[in-house]
Amino acid sequence: MNLNKNIKIETWFPTTIFSIENLISVEENINLIEEIYEIKKNNERGGKNWKTDVYNSYETYNLIKNIKFNNLIKKIEEQTMNFSKILGSDETYKIYSGWFNYYNKGDYQEYHIHPSNHFSAVYFFKNPEGSGSLIFKSPLDKMFPLKNLKYNKFSYETCSYNPSERSLIIFQSDLWHMVEKCKNETPRITGAFNLI
């Protein structure tokens with residue numbers, strides 16, 4: 001396609017998602033997984049109003065109250081500060097709530113947001129083959145989609161992440177997201193954190 005050299009296409013109102021791999025060591029990650037197994041044995045499932053049966057500790061066990069997660073929390077806050085500076089904010093953002101999600105085969109998470117927060121983060125403790133992807137939906141409401149659209153970086157309506165273990169994804173909390181149905185034979189374990 002030959003565009004007139006006087007034509008200019010600019011990107012405004014971008015949706016940004018931050019990711020980093022190998023956030024903590026393999027050894028620390030294994031120790032935190034073992035701690036999650038212990039927490040799961042001794043605490044009831046959270047997320048009572050969720051539309052899914054995935055085991056989670058939302059509102060039943062706050063990970064920030066467990067000192068074994070302190071280093072992970074510190075690193076998530078540091079990376080959130082890096083992200084916020086890129087976005088133009090020099091303010092401090094702190095985690096005030098954190099929980100884990102334990103996905104077995106067939107589990108999923110419906111589309112949702114995290115109200116009353118600036119940032120949310122997902123840390124991948126375990127993400128075995130067949131795990132459902134973390135999917136984000138464009139915040140732009142396409143009331144009247146273009147005809148015969150071939151998606152590209154200017155028109156995608158969703159994006160997905162299925163990163164390696166020990167990866168972290170940070171996004172602004174009003175961005176709709178979900179986890180697709182899992183096909184994994186061993187558990188997919190993530191931590192979810194909210195920052196204000």
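Predicted model: local features only at pLDDT ≥ 70, side-chain atom pairs only at ≥ 80, totals over all residues.
Helix α2 covers residues 70-87 and has 18 residues. From first C-alpha to last, α2 reaches 26 Å. That is close to the 26 Å expected at 1.5 Å a residue. The residue that follows α2 is Gly88, with a positive phi near 105°.

Several residues of α2 are buried, with under 20% relative accessible area. They are Leu72, Ile73, Ile76, Glu77, Gln79, Thr80, Met81, Phe83 and Ser84. An α-helix has 3.6 residues a turn, so residues three or four places apart point the same way. The cover over the buried residues of α2 includes helix α1 (26-42). It also includes the strands β1 (17-20), β3 (95-103), β5 (119-126), β8 (168-172) and β10 (188-195).

Strand β10 is largely enclosed by the rest of the structure, because eight of its eight residues are buried. Arg188, Thr190, Ala192 and Asn194 point one way from β10. Ile189, Gly191, Phe193 and Leu195 point the other way. Residues on both sides are buried.

Strand β10 pairs with β3 in the antiparallel sense, over eight bridges. In this pairing, Trp99 stands opposite Ala192 of β10. Strand β5 also pairs with β10 in the antiparallel sense, over seven bridges. Here Ala121 has Phe193 of β10 as its bridge partner.

Rolling a probe the size of a water molecule over the atoms shows where empty space is left. The largest pocket holds about 610 Å³ of space. Its lining has 22 residues, and the closest to its centre are Thr15, Leu140, Lys153, Phe154 and Tyr156. Strands β6 (134-137) and β7 (158-161) each supply at least two residues of this lining. By class, the lining of the largest pocket has 12 nonpolar, five polar and five charged residues.

The second largest pocket holds about 470 Å³ of space. Its lining has 27 residues. Trp50, Tyr58, Trp99, His112 and His114 lie nearest its centre. Strands β3, β4 (109-112), β5, β9 (177-179) and β10 each give two or more residues to this lining. Strand β3 gives the most, with six residues. The lining of the second largest pocket divides into 13 nonpolar, 11 polar and three charged residues.

Trp99 links two parts of this account. It stands opposite Ala192 in β10, and it is among the residues nearest the centre of the second largest pocket.

Methods: Residues numbered from 1 in each chain as written. Heavy atoms only, no water. Helix = DSSP H or I, 4+ residues; strand = E, 2+ residues; numbered from the N terminus. Expected span 1.5 Å × (residues − 1). Buried < 20%, exposed > 50% of the residue type's maximum accessible area, 1.4 Å probe, protein only. Contact = heavy atoms within 4.5 Å. 1 Å grid on protein atoms, 1.4 Å probe; cavity = no way out; pocket = protein on both sides within 12 Å on 5 of 7 lines; lining within 4 Å. Points joined across faces, edges and corners; volume = space filled by probe spheres on them. Nonpolar A, V, L, I, M, F, W, Y, C, P; charged D, E, K, R; others polar. Pairing = 2+ DSSP bridges.
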